[in-house]
Amino acid sequence: MLVRGYIQTGQVSCHDTTGREIPCRGTGQDGAFRRGVEWPEPRFEEKEGKVLDHLTGLVWTQNANLTEFPVTWQESLDTISSLNHEEAFGCLDWRLPNRRELRSLISHQARRPALPEGHPFMNVFPGWYWTSTTAAINTAYAWYIHLDGARMFYGGKEQFFLLWPVRGEGYGILPATGQRRCYDAKGDLIPCAGSGQDGEFRFGFVWPEPRFEAGGGVVIDRLTSLCWLRNADLTGGHTTWREALEAIGELNRKSTGTEWRLPNINELETLVDCGTHSPALPEGHPFENVQEAYWSSTTSMFEPDWAWALYLLKGAVGVGRKRGTHFAVWAVSDMQSRCKHSRI
């Protein structure tokens, strides 16, 4: 099966609502399905202070803390410009990664840091790292990722966080974020040329047009080939994590021809359009009853009695306690050919 548009989360274990590890078979969890592009072995190759990620084709500095101290968002972009002027590590095309590029390094099986086991990086700080992607919900803010536990949120561009340079356009596995504009630290629109921002480079493969193909009660995302229920609120209200998994099981008992599941956190994140918000879905999407936030099938290894969730109004990635009635449920399938003819 051809998979494009998202990579595996790295999660291989399954956990109940108390955080206890359990056998994966029949759980409906991320660790049981492990959907997405598989990680190569070995994944990383280090040479002369640079690290090639064989999964994405991106090249990172081996030192994950070149500045040794936090900087503002604009200072991080200026630092990258200085690295290119100096031809650091023999290269002059370094840039600040967009949010999907930086998230691609995350392993959801790890914590402190949330990076793949045996990675070759040095000086990884257990804190927030800037991305080049502005937060559409407030353009004076930018997205950052926490490498201690893998959360992704946004903060004021005048705050101080770390940076991790990247170069290359990759292998075409990661899709573009959808951001097409550029903004200064105050949130004002500026020309993209020379800004070093996500909106200037727009790296990642281009979204198909039209992106979605709706038919009956299902929607095919032509970007990832995933099939989503058109009704984005399967249970008609918030549930616990266990109830979310049980609702998917009940859906499978009632429908024919398609194997539905609770999406992993990387699958959910592919729906986000970083150029918009409330909801952070591509303009003209065909989904109905879109809710504020959704459960994923991915356990948080930072605290295994919590699970990952997508905050869709903002486009953020966070967590919720599994036993809490926190989030909505959205079903997905990767059986596209059968999905079109599914009876729900």
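Biologist: Which residues does W164 touch, leaving out those up to four places away in sequence?

Modeller: Happy to start there, and please keep in mind that this is a predicted model. W164 touches W60, T61, N63, A64, R95, P97, L102, L105, L115, F121, Y129 and L147. Contact here means heavy atoms within 4.5 Å.

Biologist: What makes W164 stand out in the largest nonpolar core?

Modeller: That core has 66 residues, and W164 is one of four, with F121, W260 and W330, that touch the most other members. Helix α5, residues 241–254, gives the core its largest share, five residues. A second, separate core has 16 residues, including W73, I80, W128 and F161. In soluble globular proteins, nonpolar side chains tend to be buried together.

Biologist: Let's turn to the cysteines. How do you know that C14 and C24 form a disulfide?

Modeller: The cut-off for two cysteine sulfur atoms is within 2.5 Å. The sulfurs of C14 and C24 are 2.1 Å apart, so the pair counts as a disulfide. A disulfide is a covalent bond between the sulfur atoms of two cysteines.

Biologist: Why is the disulfide of C14 and C24 called right-handed?

Modeller: Its torsion about the S-S bond is about 110 degrees, so the link of C14 and C24 is right-handed. C14 sits in strand β1 (residues 14–15), while C24 is in the loop between β2 (21–22) and α1 (30–33), so the bond ties together parts that are 10 residues apart in sequence. Both C14 and C24 are buried.

Biologist: How many disulfides are there by this rule?

Modeller: The count comes to two. A disulfide also joins C182 to C192, again with an S to S distance of 2.1 Å. The link of C182 and C192 is right-handed, with 105 degrees about the S-S bond. C182 lies in strand β10 (residues 182–183), and C192 is in the loop between β11 (189–190) and α4 (198–201).

Biologist: Why is C192 called buried?

Modeller: Buried means under 20% relative accessible area. C192 has 18% relative accessibility, so C192 counts as buried. C182, at 0%, counts as buried too.

Biologist: On to charges. What makes R100 and E269 a salt bridge?

Modeller: The rule wants a side-chain nitrogen of Lys or Arg within 4 Å of a carboxyl oxygen of Asp or Glu. For R100 and E269 the N to O distance is 2.9 Å, so the pair is a salt bridge. The partners are 169 residues apart: R100 is in helix α3 (residues 99–103) and E269 in helix α6 (residues 265–269). Both R100 and E269 are buried. Side chains of opposite charge can pair when their charged atoms come close.

Biologist: Why is the pair of D305 and R321 called a salt bridge?

Modeller: The closest N and O atoms of D305 and R321 are 3.7 Å apart, and the limit is within 4 Å, so this pair counts. D305 is in the loop between β15 (293–299) and β16 (306–311), and R321 is in strand β17 (residues 316–321). D305 is buried, with a relative accessible area of 17%.

Biologist: How many salt bridges does a search of the whole structure find?

Modeller: It finds 15. E267 and R261 form one of them, at 2.8 Å from N to O. Salt bridges that share partners join R35, R261, E267 and D334 into one network.

Biologist: Last topic, the backbone. What makes the peptide bond from S278 to P279 cis?

Modeller: Its omega is near 0 degrees. The bond from E41 to P42 is also cis, with omega near 0 degrees. S278 has a positive phi, near 55 degrees, although S278 is a residue other than glycine. Most residues other than glycine have a negative phi, and most peptide bonds are trans. S278 is in the loop between α6 and β15.

Note on methods. Residues numbered from 1 in each chain as written. Predicted model: local features only at pLDDT ≥ 70, side-chain atom pairs only at ≥ 80, totals over all residues. Heavy atoms only, no water. Core = buried A, V, L, I, M, F, W, Y, C linked by side-chain atoms within 4.5 Å. Buried < 20%, exposed > 50% of the residue type's maximum accessible area, 1.4 Å probe, protein only. Helix = DSSP H or I, 4+ residues; strand = E, 2+ residues; numbered from the N terminus.
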